[in-house]
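Visitor: Hello! I am new to this structure and would like to learn how to read it.

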Amino acid sequence: MQGNGTEVTAADIARLAGVGRAAVSNWRRRHADFPKPVGGTETSPAFALSEVEEWLRDQGKLAEVPLKERVWQQVTGHPEGPVAALVHAGCALLHLHDRPLAWLELSACPDDEQLARILSESLRDVLTPRFGPAREPAVPQPTPAELLPSIPLLRGATELAADLGARQTFEFLLARHLDANPRQYTLTPGELAELMAELAGPARSVLDPACGTGALLRAVAARPGQELYGQDSSRELAALTALRLALRTESTIRTAPGDSLRADAHEHLKAEAVLCHPPFNERNWGHDELAYDPRWEYGFPARTESELAWVQHALARLEDGGSAVLLMPPAAASRRSGRRIRADLLRRGALRAVIALPVGAAPPYNIPLHLWVLRRPGKAPVPPGLLLVDTGRLVPEGRSGFDWTAVRAAVLDAWRPFERAGGVTERPGLSRSVPVIELLDDDVDLAPARHLPPPAAGGGAEQLTVVRERLAETLRLTTDLTLPLAGDAQPARWPLTTVGELARGGALVLCTGGTGTHARVLTDHDVLAGTAPSGTLPETGENPVLVEPGDVVVPVLGGGGVARVIDEETAGAALGRNLTLLRPDRAALDAWFVAGFLRGTANSRQASSYASTATRLDVRRLQLPRLPLDQQRRYGERFRALAAFEDALRQAGRLGERLVRGMYDGLTDGTVPPD
């Protein structure tokens, strides 16, 4: 299989050869025969994949380009761009998935032009049954001329599917593309999508009018005879969503390109459920041309209230009694320009719940987004209350991340009894059913935090006494752990080796993280803060790297100076992005010895490279002294004690902050007397 003119960057070459980018820069400087750039820019040159592959093999640095990497490079180097390549690959994989025997006959054709011609005709029998006839189909039938540049990619992708499966192959390629272009797409995390689907409940017909990459529709539980509808203003995303869903489910799929507010492709639909992560803060949503649109049953949205336009669009596409769940910015619950619409939603019983999520639940990650749960009023009586839930307090101490399992449990434990009985037992600081009449004031402010009583654990003399006792105990522990200072000894002159040399000699195994799906992911922030795994990874079809007790994990961004030894509690988590794992051979290296010497300031400084906005650590260049194992263990015990002292200091800081915050709260709410 030839490279078909595919170009690769220095980062791609490093991934192919299993080395750092610094190694590729060294090869370019030291080897006159290294392939010359064929494109790109002076600071980010591009090279021909076929030439790079040949050079690496001649140098003994590459036996064969892995099939996954070759297919991915063909996606990125496609002459029509990676999105067109993904759409063509998705069509071929769907053909393989739905008609495997027919694909085997097609792929046996040795001539690329003939295969493109036959495949174009054959795809009609695959795409039309899955996506239905449409004036403007989401996945149009590609012509032979359009398919011809993609034939090497399609052969490789379907070959890869023999190992991974058609769905997993497409998910791998799509996840790689999304990961490589994070600023182009607004993604809905999988855990949030699943929560939204659970709040909406089981449904046979589901619409997402701003479907993006299809995360919300993918989260819908399958049912017999199910129909999934989607629309997105990006033609490419509408196509990718359709292919992604078709490879995952047997449901009827109807997606369309276009702006749902201005050119609704499903204007006659009455769905059982609507899920939506709409674009936020859009001024140009169609305010001027849609003034008399019949969808505005609850009031004409102001130019600054695009989110309330999406809310009413969702309600208009529901059957009576159908449910909608929308992800909303917190400002939509309290902006004065939207108070009349919010009031009418409450009076008519359309808005059932407002749920505040923790910071970091979804992009934009710096604000606590809300979930609005809505129901299209039918003939049933108007419910008397609105459920308000605030999960922002569920973030554990000392962590910027949060436990999705705890958030999901808190939300559903409040929603399910409220949905059944119209009320819920009040939980201070977390959830409450508020009578609608209490909310219909001049502001109609629906922010949950403004209507929930403070949690009992936030102050009070008894709780603060417990915190103070824990703080005193932790401070005593820090005193016990303080190590005696060293004397005036001269710096040692040990023989040194590097992590790269140890890896080549088999004394340790080197792995990088950031691939595969897993419930617990250790992030670089977790390593820096000394906290439990708190992250997530996108579904890529690859196996994640799982950490084991005794592994040493090093962040590669931020200047170094940190290394964490994995304990039993953290073991089993997946290795996140921007982390490198070192797995020492216990017969040759002590893990605490390795971690301690990697944290030396001079060591990390000499192994770091500097870009315009970040410092990156080349872990292979980090140095360790050559010492016998018994001497390593002596140093390892001291480093272990230092790490325990560091953890105690962190705990003392967290308890101190909690005590101070509790004292302020207690004094201001009257639960703590001033004397």
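Guide: Axes are lines fitted to C-alpha atoms, for helices over the stretch in contact, and the angles run from 0 to 180 degrees between N-to-C directions. Helices (H or I, at least four residues) and strands (E, at least two) are DSSP runs, numbered from the N terminus. Before the first case, note that this is a predicted model, in which local features need pLDDT of at least 70 and side-chain atom pairs count only at pLDDT 80 or more, while totals for chains, interfaces and linings use all residues. Residues are numbered from 1 along each chain as its sequence is written, and side-chain values use heavy atoms, with hydrogens and water left out.

Visitor: At what angle do α6 and α7 pack?
Guide: Helix α6 (residues 100-107) and helix α7 (residues 112-131) pack at about 160 degrees, and their axes lie 10 Å apart. The two helices, α6 and α7, are therefore roughly antiparallel to each other.

Visitor: Which residues of α6 and α7 meet?
Guide: A contact means heavy atoms within 4.5 Å. From α6 come Trp 103, Leu 106 and Ser 107, which meet Leu 115, Ile 118, Leu 119 and Ser 122 of α7.

Visitor: How should I read a nonpolar core?
Guide: In soluble globular proteins, nonpolar side chains tend to be buried together. A core here is a set of buried Ala, Val, Leu, Ile, Met, Phe, Trp, Tyr and Cys residues joined through side-chain atoms within 4.5 Å. Buried means under 20% relative accessible area, exposed over 50%, and partly exposed in between (1.4 Å probe, protein chains only). The largest nonpolar core in this model has 85 residues, and Phe 131, Val 139 and Leu 357 are among those with the most contacts inside it. Helix α5 (residues 82-98) gives the most to this core, with 10 residues. There is also a second, separate core of 41 residues, including Leu 269 and Ala 333.

Visitor: What does Leu 357 touch?
Guide: Leaving out residues up to four places away in sequence, its contacts include Leu 192, Leu 327, Pro 368 and Val 407.

Visitor: Is Glu 307 buried or exposed?
Guide: Glu 307 is buried, with a relative accessible area of 0%. This residue is found in helix α14 (residues 306-316). Among the residues that Glu 307 touches, not counting those up to four places away in sequence, are Phe 280, Met 328 and Arg 335.

Visitor: And how do I read a sheet?
Guide: Strands of a sheet pair through backbone hydrogen bonds, either parallel or antiparallel. Two strands count as paired if DSSP finds at least two bridges between them.

Visitor: Which strands pair with β19?
Guide: Strand β14 (residues 508-512) pairs with β19 in the antiparallel sense over 5 bridges, and strand β16 (residues 552-555) pairs with β19 in the antiparallel sense over 4 bridges. Leu 510 stands opposite Leu 582 in β19, and Leu 582 is also the bridge partner of Val 552. In β19 (residues 579-584), 5 of the 6 residues are buried, so this strand is largely enclosed by the rest of the structure.

Definitions and conventions:
Angles under 35 degrees count as roughly parallel, over 145 as roughly antiparallel, 65 to 115 as roughly perpendicular and the rest as oblique.
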